[in-house]
Amino acid sequence: DQGIASYCVTREAPIRAVALTLFLETLAEHCGPDLLRVKGILNIAESPDRPAVIHGVQHVFHPPAWLERWPSADRRSRIVFITRDVPQRWIESLLEALDDEVSRTRA
């Protein structure tokens, strides 16, 4: 189908839990029908030793599952998207903007 793309968003810095919640809610609300699949392993700032695993399809995101430890030394957050007409750069910009705003608000 035209417009369907898959890509991985990788982030070096940990993501704040509130920013993750806002990010997933915004994606579901504004892109829901076009989010064919979202899966990821995330470094959450408030819990750096236990990665969160996320999974969602369209408007439905399951609560994060927490692993006991990282499966490797790589602690970057990685989120894989399969979308229809949702540009990767838009998703990256949204995550960056929300995390920056949460950071400024909590400082």
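How many bridges join β3 to strand β4 (residues 60–61)? The answer is given in point 4, after some remarks on the model itself.

1. Basis of the model. This is a predicted model, in which local features need pLDDT of at least 70 and side-chain atom pairs count only at pLDDT 80 or more, while totals for chains, interfaces and linings use all residues. Residues are numbered from 1 along each chain as its sequence is written, and side-chain values use heavy atoms, with hydrogens and water left out.

2. Helix α1. Helices (H or I, at least four residues) and strands (E, at least two) are DSSP runs, numbered from the N terminus. Helix α1 covers residues 17–31, and its 15 residues reach 21 Å from the first C-alpha to the last, close to the 21 Å expected at 1.5 Å a residue, where the expected span is 1.5 Å times one less than the number of residues. Its buried residues are Ala19, Leu20, Phe23, Leu24, Leu27, Ala28 and Cys31; buried means under 20% relative accessible area, exposed over 50%, and partly exposed in between, with a 1.4 Å probe and protein chains only. Seen down the axis of α1, these buried residues fall within an arc of 160°, so they line one face of the helix; the arc is that of the directions from the helix axis to the C-beta atoms. Glu29 and His30, on the other side of α1, are exposed.

3. The two faces of β3. In a regular strand the side chains alternate between the two faces of the sheet.

4. The partners of β3. Two strands pair if DSSP finds at least two bridges between them. Strand β2 (residues 35–42) pairs with β3 in the antiparallel sense over five bridges, and Val53 is the bridge partner of Ile41. Two bridges join β3 to β4, and these strands run antiparallel, with Gly56 opposite Phe61. Two bridges also join β3 to strand β5 (residues 65–66), again antiparallel, and here Ala52 stands opposite Trp66.

5. The turn between β3 and β4. The hairpin of β3 and β4 has two residues between the strands, and Gln58 takes a positive phi near 55° there. His59 is found in the loop between β3 and β4, and it touches Ala28, Gly32 and Pro33, not counting residues up to four places away in sequence; contact means heavy atoms within 4.5 Å.

6. The nonpolar core. A nonpolar core is a set of buried Ala, Val, Leu, Ile, Met, Phe, Trp, Tyr and Cys residues joined through side-chain atoms within 4.5 Å. The largest one has 25 residues, and those with the most contacts inside it are Phe23, Leu27, Phe81 and Ile91. The largest share of this core, seven residues, comes from α1. Phe81 touches residues that include Phe23, Leu27, Val38 and Ile91.

7. Cysteines. The structure holds zero disulfides, a disulfide being a pair of cysteine sulfur atoms within 2.5 Å. The sulfur of Cys8 is 17 Å from the closest cysteine sulfur, in Cys31, which is too far for a bond. Cys8 is partly exposed, with a relative accessible area of 34%, whereas Cys31, at 7% relative accessibility, counts as buried.
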